[in-house]
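Have the structure open while you read.

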Amino acid sequence: MQGHKIFTYADPYKITEASFWEEIKDCPHLCSSRALAEGLLGLYGKEFAPCVCNVEDVLEAIYPEWLTRTELQIKQRVLISNGIDALETAEERKRAFKFNKNDLLKAVRFLREMGIDADRLDPSGLVPDQACFVELYGALMKQHGEDFSLPGQVELADFTRAVVGCMVKKTDQLKDHIELLTGSMEKPDTPGAWQGDARAHKRYLQGQIELLQWLETQAGRWCSRFLEGAERIEKVVFHGIHLFSPLRVRLIQELEEWGVEVVFLHNYTPDFPNVYKTWDRVYGWTDAAVQRDMQSPVYRGEDRLLQGRIPLGEAMGNFLEGEFQPFDLSRLECREFDNNTSLANYAGDVYEHAKKFREDGFPEVPAEGVGRSQMDERFYSADYRPVNEIIKMYYPELYGDRHFLAFPIGQLIMSLYHMWDDHIAGLKIKPHWLKACFNSNLFIREPGKMHDIIRRTQLFFQDVSDVQEYFQRIDLLAQNVEQIHQKKDLEDLKVFSFYRITRDEVELLRENLSRLNDLACELFADARGGRVDFKKHFEKLLHMIGEETEHNQELDAEEKALLCSLMERFENLNMLSISGSVEDLKESIHYYLKQKETVEEARYLVSNFEQIEGNVLLSKNQAGKKYHFTGLSEKNMQVDVNDRLPWPLTEEFFTAGFDGNNLALNIVLNSMKEYKNFLRYALFFGVYYVRQPFRLSFVKHEDDEEQQPWFLLDLLGLEWEKHREPQISPAEISMPAWRRGSKGGEGAPAPGREPDKLDCQAYVFCPARFALDRVLSGGAVYHNEYLCSQYYMVVFYDKLWKKLGGGGKDFDLDLLAQTLAGVEAELRPFFPFWRSQVDFADKRAKVKNWIIRDARDNEGKFPKYNKGSRTYLEIKKHFIYAKITDKEGKNLLDGLHRLRPDNPNTRYRKAAARGIEELLYSPGEIRYNIGPWCEVCKVREVCLESYKKRDLG
């Protein structure tokens, strides 16, 4: 590949003044990232090239079928799945291949993009997984090669249409932006973003309008000059391309064949040649002479030392040149985040601030209109994926590649597919997926109630999964609820969450589960025991959704619009002529529920290092912004070629298994090898050229390992300060009016009831327990299995004591055993989820030991069941424990006993009532009593203070 040119510039803020600018100013500039394209256009405006776009946008326009067609990727996945089934290899390896099917698809597509045929691969020198992959690849190419082939001949006209299309797309985006800004400016009373600075707003808006007019004019000229055949594109500039993907190399090769001159343009600062050696190595294949900008040969950076700036970039460059010069660390911010969640929380807080600012200034803009550009701090990470996966859960609206799982209808569809079991021809219930189903208004009656019903009854159904068993368990629940409501001696069982339910709610659960099962059976009727025709299956799904949408009166306009959008996902259904297993079908629905318009990486709250160059250019006009370079651990900054290749491909795969000389492959692999040096360069570029303050950080704990800062930063003497999460005081709880007493005054709530004995006991036990249990929820219930188990034993003990305590009978072991069996037989049907004999035997043994202990303390007689014992058991029912002793033998729960109704001293009750009044009416923090009693507290999972104290030591 000959005839290329390489131009470099030292000052990214003076590219249009470069000595070679006249030669390239009218050429299309294909940038390494969308951020770089937008940064150049934002900084230079109409001074820059008429067409500046992301190279990936152009590739998608040239190869739309290969890069964007959902149906093709589904078909390829199914063919790979079928190929794995046909392999003659160990089942364990087949399972591993199935598990890593996404990587296998990427690996096959990588080889096809590189133009590497199966007969050029030799498995003899490869490890078993790779040899097996070669066998799979060969079979796929032999039987289905046409389904894994890129489009045929691409012409220069296709490239020209793609470039012009990018120009038109940019003008459309700019029109929307201008419309938004104009709308905000026409509202002079709008607070926030432009308040008090209308002139700046107008100047900015006018500049955007002028840029739009220029772009539209240029797009029109390009259409007339190039699309209509009057002229042809003679020269193309690739700007900032360091990482060469197979398709990027393919495009360069195509341009060369069309007789188009290719120019590579990138930054170069001669003061620090070691930083830029990576560019020389990446472009070594061109054999082209490098032409440096002679107009601005070095970056003097007169304004690099603005207040708050640190010359870290210069220190990095000098160090890599072998010269260490002390530099000022006093203003350099270096943070150590404990984990990715901590970093995500920090970035989320910055986003929330931007969101509030945007809502104040532009209230008509939806939440998804707020992104990185509005944030005071912009984030870049050497490995941006883990933290963005966390942020995506916080703000799914920001990430356009989210599934329909972000919406109830998507949750329902995906959940049905996950729960369908072909072997039982019905649903295999899993609580997580069942909850997701019950969020939707489609097919589900009263979804608002269903989530709470599932939450309360989850323990009751924990041991069943087959849908028919689930229906039988619903029948038992209905029967038990009926008994509990009729029999007074079963009143205590209402404290279990699954018995705090009405008959109507049980019937609602039955009805909705029946609807789901019928829906699934109809949907999968043709999928039992064999292969599924994907086209017919998805047609049936669309028909069922369409019918339900038409007749469902509860759907609002927004939900119906969402369903119409879902139908559009299947617009190319006729192209899906493939059949596969039910498992393949379940995986394929993933692609159809994926948003069409994905948010490019440049829009993520935390961007990758490839976005740094473009965004730093904008820093010239972004006063008040701060740039945050994170992920600076040794692990993230030292990636190798194998980290960039999809499994099972490795560098060794090509050295040992590829028989041939492929220049394109060498270019791609070499750029992957240099990626770690690109990360070093990107960080240098960021801290050297950015014109706003910045900070650095790394994450200490990733992948269950302790990470270290990148060695170069440590050698420079940077000191890392641990990031502290903001300490949030317990919020003042807003007490419902019906529980409050009036303090007088106009508009004061009606007087509430006086605190009763249980209120006072709950307050003495823990003020936070009183607030969460007695005030906010009106009496919490037991949800989790441990607390239910503890409370079950209290109820068991109560009933046993009643039967044995009359008249103070002499202790009799046979009588105790007989009575134990009788009480257990009475209670056992209400707890079917404890099926194991061990579960009940353990509980029975503990209760037996309690009675034996009580008899021993009562001179060999069963203790009487009288008023005092009933009060004692009331404490146990509400607090599980009635006695916890310290080292000196003192009962730590003595305060609960002092508030017993048979205690004539009322001062304890009055003191507790005063404390309750102060909590309800006086501002301040709620106090927590942390101690061993927290283990069995009803609200422990909400309060979390005991966990916090344990973790903090």
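## Strand pairing around β7

Two strands count as paired if DSSP finds at least two bridges between them. Helices (H or I, at least four residues) and strands (E, at least two) are DSSP runs, numbered from the N terminus. This is a predicted model: local features need pLDDT of at least 70, side-chain atom pairs count only at pLDDT 80 or more, and totals for chains, interfaces and linings use all residues. Residues are numbered from 1 along each chain as its sequence is written, and side-chain values use heavy atoms, with hydrogens and water left out.

Take β7 (residues 333-337): 5 bridges join it to β15 (residues 694-699), running parallel. Arg335 has Ser697 as its bridge partner in β15. On to β18 (residues 721-722), also parallel to β7, with 2 bridges; there Glu336 is partnered with Lys722. Of the 5 residues in β7, 4 are buried (under 20% relative accessible area; exposed is over 50%, partly exposed in between; 1.4 Å probe, protein chains only).

## The cores

A nonpolar core here is a set of buried Ala, Val, Leu, Ile, Met, Phe, Trp, Tyr and Cys residues joined through side-chain atoms within 4.5 Å. The largest has 235 residues, and Leu696 is among those touching the most other members. Leu696 also contacts (heavy atoms within 4.5 Å) residues including Glu333, Arg335 and Trp720. A second, separate core of 26 residues includes Ala762 and Cys937.

Methods
Lists of a residue's contacts leave out its neighbours within four places in sequence.
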